[in-house]
Amino acid sequence: MDARAPFCHACGTIQPPRAVDHFVRLGVKRQFDVDLRELERQYFGFQRRFHPDRFATKSAEERAFSLQHSTATNEAFETIRSPRRRAEYLLTLLGQPALPADAHTVGDPALLAEVLQLREALDESAEPRAMQRIAQDALARAEDCTRSIAAAFAAGNLAEAGKQTLWLAYLDKLADEIRARGRRPKPGP
Amino acid sequence: MAYSERVVDHYENPRNIGSLDKNAQDVGTGLVGAPACGDVMKLQIKVNEHGIIEDAKFKTFGCGSAIASSSLITEWVKGKSLDEAATIKNTQIAQHLALPPVKIHCSVLAEDAIKAAVADYRAKQGHKAG
């Protein structure tokens, strides 16, 4: 039976979303390696079935349920689509979160020293070409990181997957920072 | 979200920004980060022969609250002993800067950074003695 069971099989009316994980919600395997095209196909399929427009003429309750499904489907898709969020989510599901709930900070000196170095380089680079190089460097590191996470999950090494996921979190933030700088010109001296 | 006047003051006029020689025997370096917000904080202390913190410097990449928390803690630790510095609690920083609940982790970062700097200094001294 479908663990999601979004519609009553007797009368066909929409039911409230069940408490299932994001992978089950989108009907993809619960693993780090994800076929993004299949993920998109599944997502668009569910989005069509739950789209609030389809329920415009239904009862207030059914409209509310369709909206809940729609929101849950979006949240599942956004989580699985991003390598960082997918890794964090999977580690939490597997009971070994990258960062324990009571810990807000990390002290891995090698990781932090590299992050600091990248941030300093970004801070000191006024010209667009230098910034572009840093951006490319960060992107290449993020791709390396994603590959390492996949390998660690495949080998069942959750500790390593967690370590690489923290790295990816920093690289993602760095990419955000670079994008933000691209939008606003650096203030003059 | 509105920052408190003290946060704005530290953010606009950060105290003790900069670096000390991390390889010097009398310098302790603390490096901590909060992956959730991407913040990274480096805090360094220079300790004299009486075990008193003579100088402190920081470099923080993060939001205004993180910068203010590290700026404030460098001011507070100067002239303190290592033991005194290690007892500073994030709640004192958060209270002084009137940080809102979503920014409390910034003060945690500063507390962890000073503890890490003290630990690094002590490890260096232990290494020298041994």
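Accessible areas were computed by the Shrake-Rupley method with a 1.4 Å probe, and for residues only the protein chains shown count as cover. The structure is a predicted model, in which local features need pLDDT of at least 70, side-chain atom pairs count only at pLDDT 80 or more, and totals for chains, interfaces and linings use all residues. Residues are numbered from 1 along each chain as its sequence is written, chains are lettered from A and ligands numbered from 1 in the order in which they are written, and side-chain values use heavy atoms, with hydrogens and water left out.

On this basis chain A exposes about 11,100 Å², of which carbon and sulfur atoms supply 51%. Its secondary structure consists of seven helices and zero strands, where helices (H or I, at least four residues) and strands (E, at least two) are DSSP runs numbered from the N terminus. The radius of gyration of chain A is 21 Å, whereas a compact globule of 189 residues would have a value near 16 Å; the quantity is taken over C-alpha atoms, and the globule rule is 2.2 Å times the number of residues to the power 0.38. Along the principal axes, the C-alpha atoms of chain A fill a box of roughly 65 × 40 × 30 Å. The domain assignment, with bounds from an automatic or database source, places domain 1 at 22-81 and domain 2 at 109-183 of chain A, and the centres of these two domains, taken over C-alpha atoms, are separated by 30 Å.

Of the 189 residues of chain A, 39% count as buried, a term that denotes under 20% relative accessible area, with exposed set at over 50% and partly exposed in between (1.4 Å probe, protein chains only). In helix α4 of chain A, which covers residues 83-93, the buried positions are Arg86(A), Ala87(A), Tyr89(A), Leu90(A) and Leu91(A); this helix is followed by Gly95(A), whose phi is positive, near 80 degrees. Thr165(A), located in helix α7 (residues 158-183) of chain A, counts as buried because its relative accessibility is 1%. Apart from neighbours within four places in sequence, Thr165(A) is in contact (heavy atoms within 4.5 Å) with Arg84(A), Ala87(A), Glu88(A), Leu91(A), Ala98(A) and Ile149(A). By contrast, Arg48(A), which is found in helix α2 (residues 36-50) of chain A, has a relative accessibility of 54% and therefore counts as exposed.

Chain B contains five helices and three strands, arranged along the sequence as α-β-β-β-α-α-α-α. Its radius of gyration is 14 Å, close to the 14 Å that the globule rule gives for 130 residues, so chain B is as compact as a globular protein of that length. The C-alpha trace of chain B spans about 50 × 30 × 25 Å along its principal axes, and buried residues make up 50% of the 130 residues. Chain B exposes about 5,900 Å², with 52% supplied by carbon and sulfur atoms.

Asn16(B) lies in the loop between α1 (5-12) and β1 (27-34) of chain B and, at 16% relative accessibility, counts as buried, while Ala98(B) is found in the loop between α4 (90-97) and α5 (104-129) of chain B.
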